[in-house]
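Me: I want to learn how to read salt bridges in a model. Can you take me through them?

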Amino acid sequence: MRDETISGFLERLAARQPAPGGGASAALHAAQGAALLGMVARYTTGAKYAEHHEAIERIITATDELRAAALQLAQDDAAAFGAVADAYRLPKGTDEERAARSAAIAAALVGAAWPPSEVIGVAEQVVTAAEGLLPVGNRNVLSDVAAAVEAARAAATTARVNIEVNLGGITDERARAELAEVAGEVDGIATRADRVTATVRAEIAE
């Protein structure tokens, strides 16, 4: 997926096949948010921003790492959802086969829910990086800080839906509780994104 063209990915996304789907899209939203912040940070270098050099370098490093992590999660999500599809295709002609199939489906659904939960964590870190960059970033590309948090918000809210759609079939109570807890963090991420976007819009409206 890392080396795929955008048009090729979108063609697969539109196809009648289980993956890639919403989970991979969520991860790519997060990757785009991180990339946008990396761009703003790289425009916030040189003598004019010397006093913020160390902070900017940390943001560049962090956002590059987040972008790579999000791309990996897109790949992981597609693979995990493929495992769910494989589990549903298992035979169910006997009681033993039905029991084995049910167990395989439940396990695969847990596996499919973890990449979106990790995407939520990446999205939260993108918003954190944006909050740090907002006061010091190059004002000529300030709108891209808002674009970044909006991408992170989309990543988090989309990932939440992809967790919730799997919860009903997960029989492991501990996994259900952990995943529900992660999904519960999304409203807070969205609120923080709102604040960043509002700050940017107020400044560019002046």
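Reply: We go through the salt bridges pair by pair. This is a predicted model: local features need pLDDT of at least 70, side-chain atom pairs count only at pLDDT 80 or more, and totals for chains, interfaces and linings use all residues. Residues are numbered from 1 along each chain as its sequence is written, and side-chain values use heavy atoms, with hydrogens and water left out.

Me: How many salt bridges does the structure hold?

Reply: Side chains of opposite charge can pair when their charged atoms come close. A salt bridge is a side-chain nitrogen of Lys or Arg within 4 Å of a carboxyl oxygen of Asp or Glu. The structure holds 13.

Me: Which residue forms a salt bridge with Asp64?

Reply: Arg42, with the closest N and O atoms 2.6 Å apart. The pair links distant parts of the chain, 22 residues apart: Asp64 sits in helix α3 (residues 53–88), Arg42 in helix α2 (residues 22–42). Helices are DSSP runs (H or I, at least four residues), numbered from the N terminus.

Me: Where do Arg192 and Glu131 lie?

Reply: Their closest N and O atoms are 2.7 Å apart. Arg192 is in helix α7 (residues 186–204) and Glu131 in helix α4 (residues 95–133), so the pair ties together parts 61 residues apart in sequence.

Me: Is Arg192 buried or exposed?

Reply: Buried means under 20% relative accessible area, exposed over 50%, partly exposed in between (1.4 Å probe, protein chains only). Arg192 is buried at 18%. Glu131 is partly exposed at 30%.

Me: What about Glu150 and Arg153?

Reply: They form a salt bridge at 2.9 Å between the closest N and O atoms. Both lie in helix α5 (residues 143–167), three residues apart, about one turn of the helix.

Methods: Helix = DSSP H or I, 4+ residues; strand = E, 2+ residues; numbered from the N terminus.
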